[in-house]
Amino acid sequence: MDDSDRLSVLRRALRERLGAERYELWLGPQTSLELDGQTLRVRCMSKAEVQWFKRKLSAALSECATMAFGTLPEILFEWTGETQRTLDFAGTSAAVVLPKTPACEGATVAPSELPATPKRPRYSFEDFVVGAANRLAAQAAREVAQQPGRFSPLLLYGPAGTGKTHLLCAIAQHARRSRCRSRVVQLTAEQFTSQFLEALERRALPSFRQKMRNLDVLLIDDVHFLAGKKATLEELLYTIDALHARGGQVALVSDRAAVELQTVSADLASRVSAGLAVALDPPDYDVRVGIVRGMAERMQIPLDESTIELVAQQVVGSGRLLSGAINRLVAASMAVGEPIAVALAEPVLAEFCRQHAPQVRLIDIQRAVCEVFGVEASSLKSQRKTRAIAEPRMLAMWLARRFTRAALSEVGDFFGRRSHSTVVSAQKKFDKLISAHGEMVVGDQVCQVEEAVRRIEAKLRLA
């Protein structure tokens with residue numbers, strides 16, 4: 001086995017030891033591993049990363065290197081500039097060595113002393129954070145996992161990043177664990193199409209059909225991908241019918257509701273209508289708090305409650321967006337060599353939200369607010385201070401600061417020549433209302449601020 005093979009074994013061991021998320025974050029393509037005789041060189045982009053690696057990864061790296069190489073090599077951390085190794089202020093080579101001697105700093109830790117790696121797989125029901133936006137979908141997924149065939153086919157639909165694939169994976173895991181010799185297949189619609197076409201080309205269609213139609217549970221993600229694929233759709237419909245006749249379970253995931261699947265296939269929409277279709281909406285504040293807390297625990301990132309709540313409050317969007325925000329915080333922490341805290345997180349999250357906000361204009365926000373609240377655009381710009389006008393106006397200013405790069409003066413001028421301080425006050429008030437789960441009047445009904453924001457964001461996505 002040459003050095004390249006040994007390093008491949010080491011990387012696989014590290015991925016398994018750390019988990020995919022932590023591995024990609026800390027040891028992805030931005031970090032190089034080189035084996036030089038009995039020395040393992042770990043090249044990082046900055047001194048802060050070296051310090052982070054020493055604290056977080058020395059034990060795992062020592063254990064996995066011993067397993068991959070048969071002996072513990074000398075581990076040398078280096079940080080590099082764009083073209084050459086950086087020198088410290090004393091002019092010495094910027095490298096940090098982890099000695100083999102147990103008495104020295106950075107010494108090898110015995111496997112029995114290493115922190116236990118969680119064995120529970122990701123995307124389980126236990127890891128799914130339940131709230132008002134997804135409670136029915138989570139319960140439906142549990143039901144079909146425990147009693148396949150009860151609701152078949154099950155359609156889970158909603159925008160990207162709301163947890164549809166998470167629930168699909170959780171169904172597969174639970175079904176495989178709880179049912180003796182359970183036959184479970186989970187595919188994307190693209191994979192189903194590829195396997196079907198390959199079976200056609202190889203004249204192995206009977207084998208493909210026997211495999212698919214004798215399953216206990218068939219799970220297909222992104223079923224809207226099948227639009228225009230008549231032969232594949234026909235095969236899927238026959239498969240759904242065969243599993244239904246046998247009491248099997250089919251679960252589908254799509255970005256559109258059952259009625260909208262008419263554009264994919266009227267027959268598929270009909271089959272789904274005979275089963276159960278459940279929506280997942282973007283996560284509300286409580287769910288976002290749970291998602292951030294869970295991600296921090298899985299990735300072993302120390303976040304205090306104030307920082308967790310700040311992320312959930314500022315990053316109003318999908319679980320994927322929350323994951324990106326956490327990665328940004330980790331990167332910022334590594335860059336400055338400081339722990340993640342509110343003071344560090346506030347400017348980082350503000351910039352992150354500006355970069356990932358929908359590309360909308362002030363007039364788009366005005367239009368969406370007016371539609372949701374049932375008020376006239378002229379009212380938002382008027383001097384009226386009744387609650388029915390003042391609250392939508394302040395919310396519009398808050399959204400303008402979140403979703404546009406408009407200056408405070410520009411936002412104030414647009415909404416009735418308000419002052420700079422008025423816009424700042426509106427922003428602070430709605431930050432507090434969201435944190436406190438406050439309420440406001442929308443039309444003739446009282447609802448949570450989170451719900452009002454969700455409705456307006458839904459319209460902005462269509463702007």
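This is a predicted model: local features need pLDDT of at least 70, side-chain atom pairs count only at pLDDT 80 or more; totals for chains, interfaces and linings use all residues.
Residues are numbered from 1 along each chain as its sequence is written. Local features need pLDDT of at least 70, side-chain atom pairs count only at pLDDT 80 or more, totals for chains, interfaces and linings use all residues, and side-chain values use heavy atoms, with hydrogens and water left out.

**View 1. The protein as a whole has 20 helices and 11 strands.** Helices (H or I, at least four residues) and strands (E, at least two) are DSSP runs, numbered from the N terminus. Of its 463 residues, 49% count as buried, meaning under 20% relative accessible area, with exposed over 50% and partly exposed in between (1.4 Å probe, protein chains only). The accessible surface comes to about 23,000 Å², and carbon and sulfur atoms hold 50% of that; areas come from the Shrake-Rupley method with a 1.4 Å probe. Among contacts (heavy atoms within 4.5 Å) with a separation of 6 or more, 68% join residues 24 or more positions apart.

**View 2. Helix α8 (residues 205–213) meets helix α9 (residues 230–246).** Two packed helices are described by the angle between their axes and the distance between the axes. Here the axes come within 9 Å and cross at roughly 45 degrees; they are lines fitted to C-alpha atoms over the stretch in contact, and angles run from 0 to 180 degrees between N-to-C directions. That makes α8 oblique to α9, since angles under 35 degrees count as roughly parallel, over 145 as roughly antiparallel, 65 to 115 as roughly perpendicular and the rest as oblique. Look for F208, R209, M212 and R213 of α8 against E235, Y238, T239, A242, L243 and R246 of α9. By class, these are 5 nonpolar, 1 polar and 4 charged residues (Ala, Val, Leu, Ile, Met, Phe, Trp, Tyr, Cys and Pro are nonpolar, Asp, Glu, Lys and Arg charged, and the others, Gly among them, polar).

**View 3. Helix α15 (residues 362–373) packs with α17.** The angle is about 145 degrees, and the axes lie 10 Å apart. From α15 come L362, I365, V369 and F373, which meet P392, L395, A396, L399, A400 and F403 of α17. This contact has 10 nonpolar residues, no polar ones and no charged ones.

**View 4. E391 sits in helix α17 (residues 387–403).** Is E391 buried or exposed? At 11% relative accessibility, E391 counts as buried. Leaving aside residues up to four places away in sequence, E391 touches F430, M440 and V441. The C-alpha atoms of E391 and V441 are 8.4 Å apart, although 50 residues separate the two along the chain.
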